[in-house]
Amino acid sequence: MKSMKSNPSARREARRGRRDAGWLAAALLLGLATAACRQDMHNQPKYIPLRDSDFFANGSSARPLPPDTVARGTLEDDAAFYTGKVNGVEITELPIPLTQQVLDRGEQRYDIYCSPCHDRTGSGEGMIVRRGYKQPPSYHIDRLRQAPIGHFFDVMTNGFGAMPDYRAQIQPRDRWAIAAYIRALQLSQHASASDVPAEDRAKLSQPPAAQRGEGAVRH
Ligand code: HEC
């Protein structure tokens with residue numbers, strides 16, 4: 001019988017066998033390690049909403065909120081801004097700074113949410129009204145021209161008679177933007193020539209460009 005020592009091919013065979021066993025062990029270890037990892041991620045020490053728990057007597061993992069709890073950032077403690085009233089009295093001044101941006105936003109929101117009934121000028125003859133809905137009063141009657149701006153916010157927030165409220169559709173800031181725009185609409189229907197800046201007043205006596213024939217196609 002030949003000894004291994006004297007047989008080089010048998011030695012090579014043995015070395016290859018040891019190397020293969022090494023790889024196999026490494027692969028097994030890796031497999032075990034990653035399997036353990038997955039298990040850790042699957043069983044996290046936490047409760048997802050509404051999951052039961054045997055820790056609390058009532059079997060629920062969710063604890064009831066203490067009374068009057070308010071989520072962070074949602075405390076509506078500014079009565080003027082959130083209700084349009086202070087001590088039950090409608091406020092007379094816009095509680096946000098009035099800028100061109102606010103008016104533009106108000107115009108856009110008004111045209112979307114209010115003009116279907118109140119029409120684009122606010123006289124109360126929107127398309128829905130022409131199709132039979134109760135006609136709202138014009139914004140240009142004295143009572144509404146003199147109404148405090150908080151009244152418009154309150155009507156949008158709580159509705160008014162046959163008009164539904166728009167609390168859910170329009171955020172408070174946008175409700176103020178609309179109220180500011182309604183003030184601009186009211187002014188637009190009661191403006192006089194002296195409200196026009198002096199440098200633009202000369203243009204008032206001129207007919208619009210289209211009527212002067214400017215811009216028309218000439219042959
Ligand atoms: C679906 C139609 C409709 C839409 C849309 C609508 N309104 Fe009205 N609104 C009415 C009607 C109808 C009245 C009159 C309600 C009544 O007297 O019963 C009214 C009344 C009002 C009044 C007068 C309240 C008063 O003191 O007499 C204001 C101000 C007003 N609406 C603002 C708005 C604003 C702002 C919007 C948009 C956010 C809006 N409305 C959208 C139908 C509508």
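Predicted model: local features only at pLDDT ≥ 70, side-chain atom pairs only at ≥ 80, totals over all residues.
**View 1. Ser138 in the loop between helix 5 and helix 6.** Ser138 has 17 other C-beta atoms within 10 Å and is therefore partly exposed. The loop that holds Ser138 runs between helix 5 (127-130) and helix 6 (142-146). Leaving out residues up to four places away in sequence, Ser138 touches Gly122, Ser123 and Gly124. One of these, Ser123, is 15 residues from Ser138 along the chain, and the two C-alpha atoms are separated by 4.1 Å.

**View 2. The protein as a whole.** The protein has 9 helices and 2 strands. Along the sequence these elements follow the pattern α-α-β-β-α-α-α-α-α-α-α. The protein has 219 residues, of which 12% count as buried. When contacts between residues at least 6 apart in sequence are taken, 50% of them join residues at least 24 apart.

**View 3. Helix 3 crossing helix 8.** Helix 3 covers residues 100-113 and helix 8 covers residues 172-188; their axes come within 7 Å and cross at roughly 95°. The two helices are therefore roughly perpendicular to each other. On the side of helix 3, the contact is made by Val102, Leu103, Arg105, Gly106, Glu107, Arg109 and Tyr110. Helix 8 contributes Asp174, Ala177, Ile178, Ala180, Tyr181, Ile182 and Ala184. By type, the residues of this contact divide into 9 nonpolar, 1 polar and 4 charged.

**View 4. Helix 8 and its buried residues.** The 17 residues of helix 8 should span 24 Å at 1.5 Å a residue, and the C-alpha atoms at its ends are 24 Å apart, which agrees. The buried residues of helix 8 are Asp174, Arg175, Trp176, Ala177, Ile178, Ala179, Ala180, Tyr181 and Ile182. These buried residues pack against helix 3 and helix 7. Arg183 also lies in helix 8. With 17 other C-beta atoms within 10 Å, Arg183 is partly exposed. Arg183 and Phe152 are 31 residues apart in sequence, and their C-alpha atoms are 9.7 Å apart in space.

**View 5. Helix 7 and what its buried residues pack against.** In helix 7, the buried residues are Gly150, Phe152, Phe153, Asp154, Val155 and Met156. They pack against strand 1 (85-86), strand 2 (89-90) and helix 8. Just after helix 7 comes Gly159, which takes a positive phi of about 80°.

**View 6. Ile149 in helix 7.** Ile149 has 19 other C-beta atoms within 10 Å, so it is partly exposed; buried would require 20 or more. Apart from neighbours within four places in sequence, Ile149 is in contact with Ile91, Thr92, Glu93, Leu94, Ala179 and Arg183.

**View 7. The residues around the ligand.** There are 20 residues around the ligand, and Cys114, Cys117, Pro136, Gly161 and Met163 come nearest. Two elements give two or more residues to this shell: helix 4 (115-118) and helix 7 (149-158). The residues of the shell divide into 17 nonpolar, 2 polar and 1 charged.

**View 8. Leu50 and Asp68 in the loop between helix 1 and helix 2.** Leu50 is placed in the loop between helix 1 (8-42) and helix 2 (79-83). Although Leu50 is not a glycine, it has a positive phi of about 70°. Leu50 counts as exposed because it has 8 C-beta neighbours inside 10 Å, and the limit for exposed is 12 or fewer. Asp68 is also found in the loop between helix 1 and helix 2. Asp68 is not a glycine either, and its phi is positive at about 65°. With 5 other C-beta atoms within 10 Å, Asp68 is exposed.

Terms used: Residues numbered from 1 in each chain as written. Axes fitted to C-alpha atoms, helices over the stretch in contact; angles between N-to-C directions. Helix = DSSP H or I, 4+ residues; strand = E, 2+ residues; numbered from the N terminus. Parallel < 35°, antiparallel > 145°, perpendicular 65-115°, else oblique. Contact = placed C-beta atoms within 7 Å. Nonpolar A, V, L, I, M, F, W, Y, C, P; charged D, E, K, R; others polar. Near = placed C-beta within 6 Å. Expected span 1.5 Å × (residues − 1).
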